[in-house]
Amino acid sequence: MFAELASLESGSFWFRARNQLLVWALRRHSPDLRSFLEIGCGTGFVLDGIAQAFPGVRIAGSEILSAGLPFAARRMASADLFQMDARRVPFDTEFDVIGAFDVLEHIEEDESVLSEIHRALVAGGTAIFTVPQHQWLWSSIDEHACHVRRYRTGELREKLIRSGFQVELETSFVSLLLPMMLASRLSRKDVPEQDANAEMRLPRILNQLLLGVMAVERGLIKSGIRFPIGGSRLVVARKIS
């Protein structure tokens with residue numbers, strides 16, 4: 001699905017809004033960013049967004065599925081790209097920031113991944129994550145995407161603390177759109193063979209409207225509002241031990 005994903009991301013309200021939220025969080029919590037590793041970089045859409053926001057930063061991306069790396073390389077010719085299992089990160093005190101965006105939910109041993117990220121960060125380094133949230137939103141879309149969980153509120157925080165991190169920011173997002181998302185998921189709950197990319201193929205006007213709603217939500221988060229529920233969760237943590 002990498003080819004279709006690469007063609008859809010730049011126009012999708014979801015990927016654009018998530019990138020904008022991530023860039024804001026990085027500027028707030030790691031303004032002096034010099035080196036960044038994304039675990040599960042896919043087609044490189046996030047890497048490209050971060051490179052544009054932080055010129056001169058050393059960018060690296062890993063992907064367990066090698067089929068995604070040629071797409072990432074076309075987007076990010078200057079990035080260091082490699083195949084890697086997140087449960088066995090081959091770095092020690094190497095990166096200022098490590099991110100994993102909608103990745104941990106695919107991995108049974110997510111705490112092993114957090115421990116590996118902790119080891120690969122420099123002292124005081126930052127880890128940043130997005131994960132899908134609320135098991136009551138589970139549907140065949142999650143199954144088709146090979147998710148092993150949707151996180152409960154507070155679950156990622158607890159696991160990060162056990163792994164030696166201090167959580168600096170956490171909030172739900174896709175909160176203003178949650179009623180729409182819930183209705184969509186409930187209508188598909190028992191439908192087999194869901195197309196995981198279907199939600200990105202929206203009419204242009206609807207896509208722009210949803211992007212606008214996400215911009216309002218991001219503005220509220222920037223003002224200090226933290227949403228308790230939402231389709232996804234953003235967590236930023238710092239290595240302290």
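**Ground rules.** I read the structure as a predicted model, where local features need pLDDT of at least 70, side-chain atom pairs count only at pLDDT 80 or more, and totals for chains, interfaces and linings use all residues. Residues are numbered from 1 along each chain as its sequence is written, and side-chain values use heavy atoms, with hydrogens and water left out.

**Entry 1: α2 and α3.** I began with helix α2 (residues 13-29) and helix α3 (residues 45-53). Helices here are DSSP runs of H or I with at least four residues, strands are runs of E with at least two, and both are numbered from the N terminus. I found the axes of α2 and α3 10 Å apart, at an angle of about 45°. Axes are lines fitted to C-alpha atoms, for helices over the stretch in contact, and angles run from 0 to 180 degrees between N-to-C directions. The pair α2 and α3 is therefore oblique; angles under 35 degrees count as roughly parallel, over 145 as roughly antiparallel, 65 to 115 as roughly perpendicular and the rest as oblique. The crossing of α2 and α3 is right-handed, meaning that the near helix is turned clockwise from the far one by less than a right angle.

Which residues of α2 and α3 meet? On the α2 side I listed F15, R16, R18, N19, L22, V23, L26 and R27, and on the α3 side F45, V46, G49, I50 and A53. Contact means heavy atoms within 4.5 Å. By class, I noted eight nonpolar, two polar and three charged residues in the contact of α2 with α3. Ala, Val, Leu, Ile, Met, Phe, Trp, Tyr, Cys and Pro count as nonpolar, Asp, Glu, Lys and Arg as charged, and the others, Gly among them, as polar.

**Entry 2: what covers α3.** I then looked up the buried residues of α3, which are F45, V46, L47, G49, I50 and A53. Buried means under 20% relative accessible area, exposed over 50%, and partly exposed in between (1.4 Å probe, protein chains only). Their cover includes α2, α4 (69-75) and the strands β1 (35-39), β2 (58-63), β3 (80-83) and β4 (95-101).

**Entry 3: α5 and α7.** Next I turned to helix α5 (residues 110-120) and helix α7 (residues 155-162), whose axes come within 9 Å and cross at roughly 50°. That angle makes α5 oblique to α7. I recorded a right-handed crossing for α5 and α7. D110, E111 and L114 of α5 make the contact with L156, K159, L160 and R162 of α7. By class, the contact of α5 with α7 has three nonpolar, no polar and four charged residues.

**Entry 4: cysteines.** How many disulfides does the structure hold? I found zero, a disulfide being a pair of cysteine sulfur atoms within 2.5 Å. The sulfur of C41 has its closest cysteine sulfur in C146, 18 Å away, which is too far for a bond. C41 is buried, at 5% relative accessibility, whereas C146 is exposed, at 53%.

Entry 5: Beyond its neighbours within four places in sequence, L182 is in contact with W136 and L137. The C-alpha atoms of L182 and L137 are 6.4 Å apart, though 45 residues separate them along the chain.

Last, I found G212 in helix α9 (residues 204-222), partly exposed at 35%.
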